[in-house]
Amino acid sequence: MTPETIVKQSLETPGAYTTFSADNFNAYVMNTYGRFPIALERGEGCRVWDTEGKEYLDFVAGIATCTLGHAHPVMMATVSEQIQRLHHVSNLYYIPVQGELAQWLIQHSCADKAFFCNSGAEANEGAIKLARKYAHEKLNIENPTILTAHASFHGRTLATITATGQPKYHKGFSPLMPGFYYVPYNDIAAIEKAIAELDKDKRQVAAIMLEALQGEGGVRPGDVAYFQRIREICNEKGILLILDEVQVGMGRSGKLWGYENLGIEPDIFTSAKGLGGGIPIGAMLCKSHCDVFEPGNHASTFGGNPFACAVALAVCQTLEQENLLANVEQRGEQLRVGLNAIAAKYPNLFTEVRGWGLINGIELNADIELTSIDLVKAAMNEGLLIVPAGPKVLRFVPPLIVTAAEVTEAMDALARAIANAEVRS
C-alpha cells in the first residue's frame, strides 16, 4: 500500500488505522492535563468529531488557535505544497518564506523586526530576554525588574510562569526566576506606586509586561485609559512596554492586534496560537530602538522554518483577503448579544458578559456552587465545546470563520446545557 493510499483511506475512514483507548493513552502519556472524556479525531470548519462519531461545534478552537477552523482549503493546500518543497533547514541560511512572513507582520503592525520561535511561551521568553539585555545595555540597570499583572498568564517555562501572576502555577517550581514584580490589572495607581518603590534607591524597572486582554485570567479586557497612561509613563521613564498578544492577537479581538483596541503601540509584542492557525509557530516583534539582539544572543532550531512560516503566511493572507476581521466583529457582537440574553434569563447564575471580537466570557456568580467546569461538561453533552477561563468564567473562542447560524446553534446548545445544569444543581 502506497503512502498516498494510506492517507486517502485514513481520511475517508477516520480511525481505520488506530483503535483509541484512554487506558492505553494514559499508560504512556504524562498526566499533565485534566482531560475531558472524549477523543477527537477529525474536524471541518467549526466542527469536530470524536472517535465515537459524535459531532461537536468547536468554540474552543484549540484555545484561540485554529484561526481558519479545521481542514481549511488554504491550509491544506499550503501544507501539501510546502512539505513537498522544503520543510526544514537551519537558520544558518536565509529562509525566503520566513522573510516574507516577517515582512507581512511588520507591514501590518507597529513593529520593525521579528524573531520566530515555536510557541507563545517561547515568544514571551524572547521578549523577557530582549528586555533584560536592553536594560543592561541601554539603561545601565544591574538587576532589571519587569512588572506583570495579577491573574496574568504568559506561559509554562520557568521564566514565563514566574511572569505569570497566579500562585497556583508557581506551586512546586521554586525557586522561581528573580526579576518580576506583580501589580493589579487595570489599576494605574498600583503601577505608579510600584515603580516609585522599586526605583526609590536605584533604578530597577526595565519593562512592563501585560496582556491587552487577560485570557486565562477571566477574559478581562484592558482599560483604554489605563494602557494610555502606562504608555505615557514608559515614554517618560524609558521603560519598555511589552504586550502579550499570544491569545488576543491575529484578528481575534476584531482588530489584527489587541493593542489597536487600546489606542497605543507597544515597544515589544508577542504572537503565537492563531498565527499558524494550529501549526506551531511563535513570533516576538519589536521596534527598532529596542532591537538589541546580536548573533548568538538568542536562537531556535525550529523557529521560522519553511513549513511553519509558509502556513502562517497563508493564514495571514487569508485573514486579509477574506476580510475576516469584519466577520469577527459581526459574529462577536452576535455572540455577546446571545450571552447577555442568557445572563438576563439566569440572573442568579451569571454576573457579567465581557470580551472583544471572538474572545468572550460569561462570569458565574461567585456565591453559587456551580463552576465553569460544570457548565463546560454540560455543554459538551449538548454538542458544544467551550473552555473555562478560571473557576467561574466560561470562555468562547471559536474559529474566526464561524457563521451566524453556528453562533445561534451554540447559544441554543448553551441554553440547554444551563437548563440541565441548573436542574441538577
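Colleague: Why is E236 called exposed?

Modeller: The model is predicted. In it, E236 has 56% relative accessibility. Exposed means over 50%, so E236 counts as exposed.

Colleague: What makes the contact of R229 and E236 a salt bridge?

Modeller: The N to O distance between their side chains is 3.3 Å. The cut-off is a side-chain nitrogen of Lys or Arg within 4 Å of a carboxyl oxygen of Asp or Glu. R229 and E236 therefore qualify.

Colleague: Is R229 buried, partly exposed or exposed, and what makes it so?

Modeller: R229 is partly exposed, at a relative accessible area of 25%. Buried would need under 20%, and exposed over 50%.

Colleague: Which residues are linked with R229 in a network?

Modeller: E192, E232 and E236 are linked with R229 by salt bridges. For the model, the count by this rule is 17 salt bridges.

Colleague: How do you know that R336 and E333 form a salt bridge?

Modeller: Their side chains meet at 3.7 Å, N to O. The limit is 4 Å, so the pair passes.

Colleague: Where do R336 and E333 lie relative to each other?

Modeller: Both are in helix α12, three residues apart, which means a separation of about one helical turn. R336 is buried, with a relative accessible area of 18%; the buried class is under 20%. E333 has 44% relative accessibility and counts as partly exposed.

Colleague: What does helix α12 pack on?

Modeller: Take the sheet. It is open and has four strands, in the order β13-β14-β17-β16, with antiparallel pairing. What makes β13 (350-356) and β16 (387-388) edge strands is that each pairs on one side only. Helix α12 (residues 324-345) packs on this sheet and touches β13, β14 and β17 (393-396). The direction of α12 makes about 175 degrees with that of β13.

Colleague: How do you know that β13 and β14 pair?

Modeller: Six bridges join β13 to β14 (residues 359-364), and the two run antiparallel. Pairing takes at least two bridges, so β13 and β14 pair. The bridge partner of E352 in β14 is E363.

Colleague: What makes R354 and E352 a salt bridge?

Modeller: Their closest N and O atoms are 2.7 Å apart. That is within 4 Å, so the salt bridge counts.

Colleague: Why is R354 called buried?

Modeller: R354 has 7% relative accessibility. The class takes values under 20%, so R354 is buried. E352, at 38%, counts as partly exposed.

Terms used
Residues are numbered from 1 along each chain as its sequence is written. This is a predicted model: local features need pLDDT of at least 70, side-chain atom pairs count only at pLDDT 80 or more; totals for chains, interfaces and linings use all residues. Side-chain values use heavy atoms; hydrogens and water are left out. Contact means heavy atoms within 4.5 Å. Axes are lines fitted to C-alpha atoms, for helices over the stretch in contact, and angles run from 0 to 180 degrees between N-to-C directions. Buried means under 20% relative accessible area, exposed over 50%, partly exposed in between (1.4 Å probe, protein chains only).
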